[in-house]
Amino acid sequence: MTFIPYLSTLVTFAFTIAVFNRYRQRGGWHLLLWGIGLLFYGLGTLSEVILSLTFNVFILKVWYLTGAMLTAAWLGMGTVHLLIRKGNTAQIMTWGLAAVSLLALILVLSAPVNPAAYDVTRPASVQYKDILTRSGLTILLTVLLNIYGTLTLVGGAIYSAFLFWRKKVLANRMFGNILIAAGALSPAMGGTFLRAGFADLLYLSEFIGAILMYIGFVMSTSGKTEEAANYPSSPVASPPLNPS
Amino acid sequence: MKDQSKRFKPSVWTERFVPVLLTALLLALLTVMVITGMSLLGAWPGA
């Protein structure tokens, strides 16, 4: 275990506060949902820190629920609200995600755990399958939520950056969205590294992801936002993130 | 950081490199999606 999850937790919670502050000032479903997604991100990395020090069944379940299942989907839902502004589609999808998240919570809380198999010297991410018994539905939901979240968050940021590049407007938002897309992809690729046996790269990817998305968010949201409001065909704010 | 006005005049770097970067990000996204899908089907280790 390294110190990286400590840094990831600090960066992610600072980022969460920044997004909730902006939501408090400006409102907007996308900011609220990104704030919730970031809170899950931070809880996931905080759980990694705690699990590196001691084992606790509840913390392991929090780690799986937030870090592995919900983070990407809630962040991606924020992007959906940013990009789909007409009608109730985004609202309906949000309620659908809330229902699925509730189901995920019930599944994870009711999952059997084998604490005796836990080795505190090894990362939770490389041994959780031997400790937390996941049903087929839990695994299916995990994969689907991550596919949905990664596609919407990364895809949305790439699409936004492309629009700004094509119209040659708001360079800061174009570069901000590129950083957000790269940062959001980082933890998603970390999951691939994990499967390939490089567990430490998962922690590094979470940290890099948090840093890049935070910088991208700051770039995208700085400056005169009223100017962007004059461009109805462009996203008027930028999606902050995307882990899985 | 300040917004660089509504319109910006792209440098050569921006004009050429940004599309390449966006394409690379898109390919990376597709790769992650394929691997995740394969893991769901059991053709890639673990989900």
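The largest nonpolar core in this predicted model has 77 residues. Those with the most contacts inside this core are A:W74, A:V154, A:A161, A:A181, A:A184 and A:L185. Helix α3 of chain A supplies the largest share of the core, 14 residues. In soluble globular proteins, nonpolar side chains tend to be buried together.

**Core contacts**
- A:A181, one of the residues with the most contacts inside the core, touches A:V154, A:A157, A:I158, A:A161 and B:L25, leaving aside residues up to four places away in sequence.
- Of these partners, A:V154 and A:A161 are also among the residues with the most contacts inside the core.

**Chain A overall**
- Chain A contains nine helices and zero strands, and its pattern along the sequence reads α-α-α-α-α-α-α-α-α.
- Of the 244 residues in chain A, 53% are buried.
- Among contacts in chain A with a separation of 6 or more, 72% are between residues 24 or more positions apart.

**Helix α3 of chain A**
- Helix α3 covers residues 57-83, and 22 of its 27 residues are buried, so the helix counts as mostly covered.
- At 1.5 Å a residue, the 27 residues of α3(A) should span 39 Å, and the end C-alpha atoms are 39 Å apart, which agrees.
- At A:L70, α3(A) bends by about 60°.

**Packing of α3 against α4 in chain A**
- Two packed helices are described by the angle between their axes and the distance between the axes.
- Helix α4 covers residues 89-109 of chain A, and α3(A) packs with α4(A) at an angle of about 175°, the axes lying 11 Å apart.
- Angles over 145 degrees count as roughly antiparallel, and α3(A) and α4(A) are therefore roughly antiparallel to each other.
- On the α3(A) side, the contact is made by A:K61, A:Y64, A:L65, A:M69, A:L70, A:A73, A:W74, A:M77, A:V80 and A:H81.
- On the α4(A) side, the contributing residues are A:A90, A:M93, A:T94, A:L97, A:S101, A:A104, A:L105, A:V108 and A:L109.
- A:L70, where α3(A) bends, takes part in this contact, as does A:W74, which is listed among the residues with the most contacts inside the core.

**A:T150 in helix α6**
- A:T150 lies in helix α6 of chain A, residues 136-167.
- A:T150 has 27 other C-beta atoms within 10 Å; a residue is buried if the number is 20 or more, so A:T150 is buried.
- A:T150 and A:N88 are 62 residues apart along the chain, and their C-alpha atoms are separated by 22 Å.

Key:
Residues numbered from 1 in each chain as written. Chains lettered and ligands numbered in written order. Predicted model: local features only at pLDDT ≥ 70, side-chain atom pairs only at ≥ 80, totals over all residues. Helix = DSSP H or I, 4+ residues; strand = E, 2+ residues; numbered from the N terminus. Expected span 1.5 Å × (residues − 1). Bend = angle between axes of the 7 residues up to and from the residue. Buried ≥ 20, exposed ≤ 12 C-beta atoms within 10 Å, placed from the backbone. Core = buried A, V, L, I, M, F, W, Y, C linked by C-beta atoms within 7 Å. Contact = placed C-beta atoms within 7 Å. Axes fitted to C-alpha atoms, helices over the stretch in contact; angles between N-to-C directions. Parallel < 35°, antiparallel > 145°, perpendicular 65-115°, else oblique.
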